[in-house]
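Trainee: I have a model open and I'm new to it. Could you walk me through how to read its features?

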Amino acid sequence: MIAGVSTEFNPPGPEDFQLPPIFSGVEWFTKPVLVAALSVIVIIWFFWGASRKAEVVPSKLQFAGELGYNFVRNSIARDAIGSQEHMKYVPFLLGLFFFILLNNVAASIPFIQFPTFSHIGWAYAAAALSWIIYNAVGIKKKGLLGYFKHQTMPAGVPGWLMPLMIPIEFISNILVRPVSLSLRLFANMFAGHILLLVFVLGGEYMLLHSGSIALGGVGILTLLMGLAIAGLELFVQCIQAYIFVVLTAQYIGSAIADEH
Amino acid sequence: MSQQSDPKPTPDTSGDGWRVLSYLIGGVLVYGGIGFGLDRWLGTQFLLPVGIVLGAGLTILMLHFRYGRS
């Protein structure tokens, strides 16, 4: 650790997200695939275990499962879709919420530490799923033409403004919604992960490889700051899972609503 | 499954901000896109910014009708 000999610092970038396949030769089986598969197993185990032996006085597992179920059913589905029709969509919203939540929080679990949705394809797929579902239930309820009219005619706008508003409403409801849904999730996970990489790798480099005592002190501060960022990220991961599912529920609710 | 009957008096507004954002993007996208296309077609330079401002303005007007008068 003599000044001048230290190797150059390589800042983290998008290439840090391109992980090699876990088994060489099986190209598709990468870390995000493994994390997603694990999350599905954990979710099935959790809810199966929570509901298998349901009792009036719940076990700890059953209590936790009911807490999660009640949260999605009451605070997300019923508030956004309405008490008449929300039960049909609770299984989908519950599964979606816990899938996104676990895959986001995976970024903060030691030894896993990778957010699945920082690969944009996963975010596109999740948003495509909600896009298909909210359009399908709308078309099923109102018919193709009725649904199209419902999603292009904004309520409360005077008639003479309508021709100018129809393209905005259409693009916003059909195109911008799924894109913003996926980009919001992807960008938050990607940026959060790269922020952590910057703080941890930068702090480690300044502490161990810079060869300067002053920079070493800054490195310690940077690592402490990285710890704080990790806490913030945990918060962001939960919020992103929540907002994704709340918006999906609201899109379903507005697709089947009688009027805006 | 048993508590379907309790009504919810106020509609959920927690996602309204995000929906307003998607309207603003949509408006700018549509009218900015029309301006961009007209610029390409007519060989002019000024219609893209005009379209962007017009789209943002129309969207704000629509949000006023949609959310502003409760």
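**Cores, contact and spans**

Mentor: Let's begin with the largest nonpolar core of this predicted model. That core has 41 residues, and A:Leu93, A:Phe97, A:Val245, A:Ala249 and A:Ile252 touch the most other members.

Trainee: Which elements supply at least two residues of this core?

Mentor: In chain A, they are α2, α3 (90-105), α4 (120-152), α5 and α6. The top contributor is α6(A), with 10 residues.

Trainee: What does A:Phe97 touch?

Mentor: Leaving out residues up to four places away in sequence, A:Phe97 touches A:Val72, A:Ala241 and A:Val245.

Trainee: On to the contact between the chains. How many residues does each chain bring?

Mentor: Chain A brings 22 residues and chain B brings 21. On the side of chain A that touches chain B, two or more residues come from each of α2 (60-81), α5 (162-208) and α6 (213-256). Of these, α5(A) gives the most, with nine residues. By type, that side of chain A has 14 nonpolar, five polar and three charged residues.

Trainee: And where does UniProt place the feature "transmembrane region" in chain B?

Mentor: The unreviewed UniProt entry puts that feature at residues 20-39 and 46-67 of chain B. Residues 20-39 of chain B are 100% helix and 0% strand, with end C-alpha atoms 28 Å apart. For residues 46-67 of chain B, the span is 95% helix and 0% strand, and the end C-alpha atoms lie 32 Å apart.

Key:
Residues are numbered from 1 along each chain as its sequence is written. Chains are lettered from A and ligands numbered from 1 in the order in which they are written. This is a predicted model: local features need pLDDT of at least 70, side-chain atom pairs count only at pLDDT 80 or more; totals for chains, interfaces and linings use all residues. UniProt positions are given in the numbering used here, feature names are shortened, and annotations may be inferred rather than shown by experiment. Helices (H or I, at least four residues) and strands (E, at least two) are DSSP runs, numbered from the N terminus. Two residues are in contact if their C-beta atoms, placed from the backbone, lie within 7 Å. Ala, Val, Leu, Ile, Met, Phe, Trp, Tyr, Cys and Pro count as nonpolar, Asp, Glu, Lys and Arg as charged, and the others, Gly among them, as polar. A nonpolar core is a set of buried Ala, Val, Leu, Ile, Met, Phe, Trp, Tyr and Cys residues joined through C-beta atoms within 7 Å. A residue is buried if 20 or more other C-beta atoms lie within 10 Å of its own, exposed if 12 or fewer, and partly exposed in between; C-beta atoms are placed from the backbone.
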